[in-house]
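Here is a short tour for a first look. Keep the sequence and the 3D view open as you read.

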Amino acid sequence: MEKFGKSQPVRRKEDIRFLTGQGRYVDDIAPKNTAHAVFLRSPVAHGTITELDVGDAREASGVLAVLTHDDLIAAGLHAYMGGETVTNRDGSDGAKPLRPILAKTRVRHVGEAIAVVVAETVAAAKDAAEMIMVEFDDLPVHVALEVGGVAIHEEAPENLAYDYGRGDEAAVEAAIAAAAHVVTNRVYDNRVIVNAMENRAAFAQWEDGRCHVCFNGQGVWGMKSDLADVFKLPKETFRVTNPDVGGGFGMKAAPYPEYFVLAEAARVTGRPVRWASERTEAMLSDHAGRDLVSTCTLAFDADNKITAYKVDTISNLGAYNSNYGQPIQSELFEKVLMGTYDVQTTYLHVRGIYTNTTQVDAYRGAGRPEAIFALERTMDQAARELGVDPVELRRINFIKPDQFPYRSATGELYDVGEFDRVFTRGLGEADVDGFPARKAASEAAGKLRGLGICYYIESILGDRDEWAEVEFTPEGRVNLYVGTQSNGQGHETVMTQFLADQTGIPATLIDIVQGDSDRIAKGGGTGGSRSVTTQNNATLKTVEKVIADLSAFLEAELGGTVSFDDEQFRVAGTNEAPTMLEAVEMARAKGRKDLTDWRVQGEIEGRSYPNGVHLAEVEIDPDTGRVAVVKYDVTDDFGNLINPMLVEGQVHGGVAQGIGQALTEMCVIDEDGQLVTASFMDYGMPRADDMPFIKFTTEPVPSTANVMGMKGCGEAGTVGALAAVANAVMDALWPLGVREIDMPFTSEKVWAAIRDAKRAAA
């Protein structure tokens, strides 16, 4: 039987086509006779449009159409994108300004789309775009993370988008006042650009009264609904697809203005229209990440047990509300607010600020990495100030196994956890006992060495339900239709592997179908580390239905009780043992088409909570300030795994992203709102020599919230890496008198901190 073994490190099936140039990305599959779109973008961060003349551009050679906001309105479109809000502390709604798909009378960030030129070639479209006459009256720019300044939106006169609070503020203040020890730490989470391997791209085509929009996103159903709203047409008018996608990590989950404009341009021209972002254009127009400052306060009793935790965060929202991320991220901050620690009194305060920096931030205020980063930085600060071993401080405060299920101060119900067990395994794998010797060796070589710890927890689920469809084709193949969307994580492999494990169907005969709103009626897309857990839960439910129906059929046909052993049906009292494929063909021969296709919805009972410990060791050259991550160990509790190799790859990628943000990445925007780091010559993407060998270990504690005992892993690497590396840097610099330093830890910044500390000591 050609079949995967359960929980085996199976190689990725999709890599064959990716590595041989057979991938089907947006630019590979655009229809023939496709016109090309180029967007005219604002060169200023804030201004009133006083003139917009597209006449010359419309007459230029090769130009098929030029569209502005007025053209969208004239065509009857609702030319605005939606935006979600958070309820303020006083019960009022947060600001919800309209966001024009193409700028109307005002621009609010550099790179905001003003017009689109559609032409026979990209070159012709670029030439015509330069002919557009556009003039601005400059307005004051607000890029600071603070309330005030000239209002970017009338709906937010102080540029305060929302003022959100959660928890018992009075109880927290009382606990702080009565505490034996209080530690406060300011934590800056620097702005980063996602920089997916494949830039955003899309094409649109109208045929027979329907519009097909293909874009490289993280799901299709939200885009389908948004297109219907903008065009004021039934949802059935639109088919939305995601082909192969070269990276996302949240940035590609949201809709973007370009996709709506392409659909209208295709309708106006009667031609398919395509667009692919260039790298600098992507840096200006993609959703950015992070960019927030948190002030965290921990209150301790005399035994170093945390009695209260308070966090006050101010976050950069960019120029507009998104219809993805803001309420979700605030909710997630709550769910992991105290992480793995047993604390019953917390208070969260998050203020979102509009700025003329970018259109919107992907992580808008608070999410998993932000919450854990702020907490674990403060835990390490507390250990230093209190003179306590950071390992023991965490152990004192862990939620204990006999406390589960555990209701957190924010109301979240953690189902299971053995944090000290995972922690102990991680400390052993990292050989923490050997750190003093490694530190001494570094010092003998003239280097500073630090050890950083981060114990993280995530809260994963996203949409609670997901659909799966299993279709047996007349050609003897099996299609598995899924509602999630791979961005390069290896979904095809792991979902094929799971179906093969449950059914005995050879993996070579299974095809994964994803990202097509015509072929898949509903799905939750991919985000929040949800895909494998929720999708395979739905697949499991579907397989259960397949087995039940085919067993009933075989009992009627062959007599005797029928059972299934994951490979074959067994008919009691006979030698009959058909495989699932053979059973389906028997049913097909009997005219039972109803026994060739099954579609079932699966629903997860509750969230699961992946957790684990990251331990980073850094060496710092005090003469140059260069920081090198020289040792990195991860021990994770992801519950039960389907494909450990894919999980390890996910962790490696996440750790690389976290190390990149910690050491090199910084989105720099000057006082005029101009993006200074708008190319790879200026933006510090991590290189191979910035990455250490990453040792990965699992210590599973199966979740009780789903029958498979899974917990998800997609974001875990980044969640732990930020704080682990930052804590390691502070551990190395603390003996010199350095008390505060913000990421990224560039050579210049670290060298200056060392210099200033030495001067202060002298």
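A residue counts as buried under 20% relative accessible area, as exposed over 50%, and as partly exposed in between. Pro700 has a relative accessible area of 35%, so Pro700 is partly exposed. The model shown here is predicted.

Pro700 sits in the loop that joins strand S31 (694-698) to H19. Setting aside neighbours within four places in sequence, Pro700 is in contact with Arg421, Asp637 and Gly639. Ile754 is 54 residues from Pro700 in sequence. In space, their C-alpha atoms are 41 Å apart.

## Two nonpolar cores

The largest nonpolar core holds 93 residues. Ile620, Tyr632, Phe638, Leu733 and Phe745 have the most contacts inside this core. Helix H19 (residues 716-733) contributes the most to this core, with 13 residues.

A second core is separate and has 43 residues. Among them are Met223, Ala228, Met251 and Phe260.

## A seven-stranded sheet

Seven strands form an open sheet with mixed pairing. Their order is S3-S7-S1-S15-S12-S13-S14. Strand S3 (63-67) and strand S14 (238-241) are the edge strands, and each pairs on one side only. On average, neighbouring strands of this sheet are turned by 20° against each other, direction ignored.

Look next at one pair within the sheet. Strand S1 (residues 35-41) runs parallel to strand S15 (residues 273-276), and two bridges pair them. His36 stands opposite Arg274 in S15.

## Helices on the sheet

Helix H5 (residues 122-129) packs on the sheet. H5 touches S1, S3 and strand S7 (113-119). The direction of H5 makes about 30° with that of S1.

Helix H8 (residues 257-269) also packs on the sheet. H8 touches S1, S3, S7, strand S12 (201-207), strand S13 (210-215) and S15. The direction of H8 makes about 35° with that of S12.

## How H7 meets H8

At what angle do H7 and H8 pack? Helix H7 (residues 221-231) packs with H8 at about 55°, and their axes are 10 Å apart. H7 and H8 are therefore oblique to each other. Their crossing is right-handed.

Which residues meet between H7 and H8? From H7 come Met223, Asp226, Leu227, Val230 and Phe231. From H8 come Tyr259, Phe260, Ala263, Glu264 and Arg267. Met223 and Phe260 also belong to the second core.

Technical notes
Residues are numbered from 1 along each chain as its sequence is written. This is a predicted model: local features need pLDDT of at least 70, side-chain atom pairs count only at pLDDT 80 or more; totals for chains, interfaces and linings use all residues. Side-chain values use heavy atoms; hydrogens and water are left out. A nonpolar core is a set of buried Ala, Val, Leu, Ile, Met, Phe, Trp, Tyr and Cys residues joined through side-chain atoms within 4.5 Å. Buried means under 20% relative accessible area, exposed over 50%, partly exposed in between (1.4 Å probe, protein chains only). Helices (H or I, at least four residues) and strands (E, at least two) are DSSP runs, numbered from the N terminus. Two strands pair if DSSP finds at least two bridges between them. Axes are lines fitted to C-alpha atoms, for helices over the stretch in contact, and angles run from 0 to 180 degrees between N-to-C directions. Contact means heavy atoms within 4.5 Å. Angles under 35 degrees count as roughly parallel, over 145 as roughly antiparallel, 65 to 115 as roughly perpendicular and the rest as oblique. A crossing is left-handed if the near helix is turned anticlockwise from the far one by less than a right angle, and right-handed if clockwise.
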